[in-house]
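Subject: Structure handover

Hello,

Here is the structure I promised to pass on. Please open it alongside this message; my notes follow below.

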Amino acid sequence: MNADDWRAFCDRLAALGDEIDGDDLVRAEGYRHLANQVACWLTYSLGHTDAARPMFFRSSDPVYQWGGPNADQVARRAAISGDGVYRISGSMGTCEEFVLQVKRGASQSGGAEIDTEILASSLGLRAGDDFELLLGGDGIALAPDATFVHVRDYYFDWKAGPPATFVIERLDTQGDAPPALTAERVAAMLDTAAGEIEHSMSFWSGYQDRMLAGQATNEFGGPAPAGRGVQDVLYSHAPVSLGDHEALIVDLAPDSDQQWDIQLYNRPWYEALDFRHRVTCLNHALAHRSDDGRVRIVIANRDPGCVNWLDTEGRTDVLATIRWWHPPTVPTVDHEVVALDSLADLPPVDTAARRDELRRRTVHTAWRYRT
């Protein structure tokens, strides 16, 4: 490991920056996205790749943005080995559900496949409960080539209160001192980080174009699963492009106990729009339902002064994504572009009520991401 190795690492990052193209906003967000990925995967490689001494790494949050993050969840991962024995323990806090997956592969963008998926609800866990899971040994079987645990914890009600905590320990190597630092380990760490950054930039920057190929603007595609996401969740996506005097109306008819969400993302970097300080996402617990049980979502560049507005941040183009959890049948989505001033039939929201809505988000996320 020497100065040439460091320069080679930096040259790999510089080459990624040279590939960023588009209008002023797309380029600016592209460079921010690259800086984001450097911070994310350098942090991961520096302290979270040792399967003998694992720690959970929060890989998706308001800072680390990649791969279409879900605003209702926190995503975290920890390195494991298929021959190890691990205990995962913690408390649900205000978390209403978590999904724990054991995966094989380097990362979600590098070919990770799901071996095992466990839901908190399947274990009878609810908000406020403590939990303990054993992986390997006499616990949940690990495949020989298992490489990491991926946990998503969900907050649908957006309450103010402590979030879930997750602690991972490797039981069969506790007490073993780590090996001394070597030049080879530092070089491997930099190579791992650069590889993850390169995977993420190339895979996710073109993901929306591949996903939306041939799809008309302002129309949602048919609900379908995502192979490496949470199992038994259906997704529907729409490329949205609106003028300041237009709105995209999205009509849903979910069952009363159906879990679902809708969220907006930037293009093409697949980052969530600001869900802490703007209403850029809604779900079954937050959206207003009409008396007949239907939900009408309004996507617009300006506040139309009604319920269920999703704020595009004034962007011309965004991606809208709907998720349905364990739907009993294939859901339907009706959508229509209308004039922004034609929404008088929807319940109004005044300035004070909108500020309360935004305050709820800010307070909840301050708790959720407090550390």
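D209 and R267 meet through their side chains in a salt bridge, at 3.7 Å from N to O. This is a predicted model. D209 sits in helix α4 (residues 207-211) and R267 in the loop between β12 (259-265) and β13, so the bridge ties together parts that are 58 residues apart in sequence. D209 is exposed, at a relative accessible area of 52%. R267 counts as partly exposed, at 24% relative accessibility. There is also a network: E29, R32, E271, E313 and R315 are joined by salt bridges that share partners.

In total, the structure holds 25 salt bridges. Two others deserve a look.

One is D83 with R170, where the closest N and O atoms are 3.4 Å apart. D83 belongs to the loop between β2 and β3 (86-91), and R170 to strand β8 (residues 165-170), so this pair ties together parts that are 87 residues apart in sequence. The two partners sit in contrasting surroundings. D83 counts as exposed, at 58% relative accessibility. R170 counts as buried, at 11%; the cut-off for buried is under 20%.

The other is R104 with D115, whose side chains meet at 2.8 Å, N to O. R104 is in strand β4 (residues 97-104) and D115 in strand β5 (residues 113-119), so the pair ties together parts that are eleven residues apart in sequence. R104 counts as partly exposed, at 27% relative accessibility. D115 also counts as partly exposed, at 31%.

Now the nonpolar cores. The largest has 58 residues. Which residues have the most contacts inside it? They are I88, F98 and L100. Helix α3 (residues 183-205) gives the most to this core, with seven residues. Leaving out residues up to four places away in sequence, L100 touches I88, T116, E117, I118, L133, V149, H150 and V151. A second core is separate and has 24 residues, among them V295, I297, I299 and L310.

Last, helix α5. This helix covers residues 351-368, which makes 18 residues. From first C-alpha to last, α5 reaches 26 Å, close to the 26 Å expected at 1.5 Å a residue. At the start of α5, a side-chain oxygen of D350 comes to within 3.3 Å of the backbone nitrogen of A352.

Which residues of α5 are buried? They are R354, R361, H364, T365 and R368. Seen down the axis of α5, these buried residues fall within an arc of 95°, so they line one face of the helix. T351 and R355 are exposed, on the other side of α5.

For a quick tour, I would take the D209 and R267 salt bridge, then L100 with its contacts, then the buried residues of α5.

Best wishes

Definitions and conventions:
Residues are numbered from 1 along each chain as its sequence is written. This is a predicted model: local features need pLDDT of at least 70, side-chain atom pairs count only at pLDDT 80 or more; totals for chains, interfaces and linings use all residues. Side-chain values use heavy atoms; hydrogens and water are left out. A nonpolar core is a set of buried Ala, Val, Leu, Ile, Met, Phe, Trp, Tyr and Cys residues joined through side-chain atoms within 4.5 Å. Buried means under 20% relative accessible area, exposed over 50%, partly exposed in between (1.4 Å probe, protein chains only). Helices (H or I, at least four residues) and strands (E, at least two) are DSSP runs, numbered from the N terminus. Contact means heavy atoms within 4.5 Å. The expected span of a helix is 1.5 Å times one less than its number of residues. The arc is that of the directions from the helix axis to the C-beta atoms. A polar contact is a pair of N or O atoms within 3.5 Å; within protein, one must be able to donate a hydrogen and the other to accept it, and residues adjacent in sequence count only if both atoms are side-chain atoms. A salt bridge is a side-chain nitrogen of Lys or Arg within 4 Å of a carboxyl oxygen of Asp or Glu.
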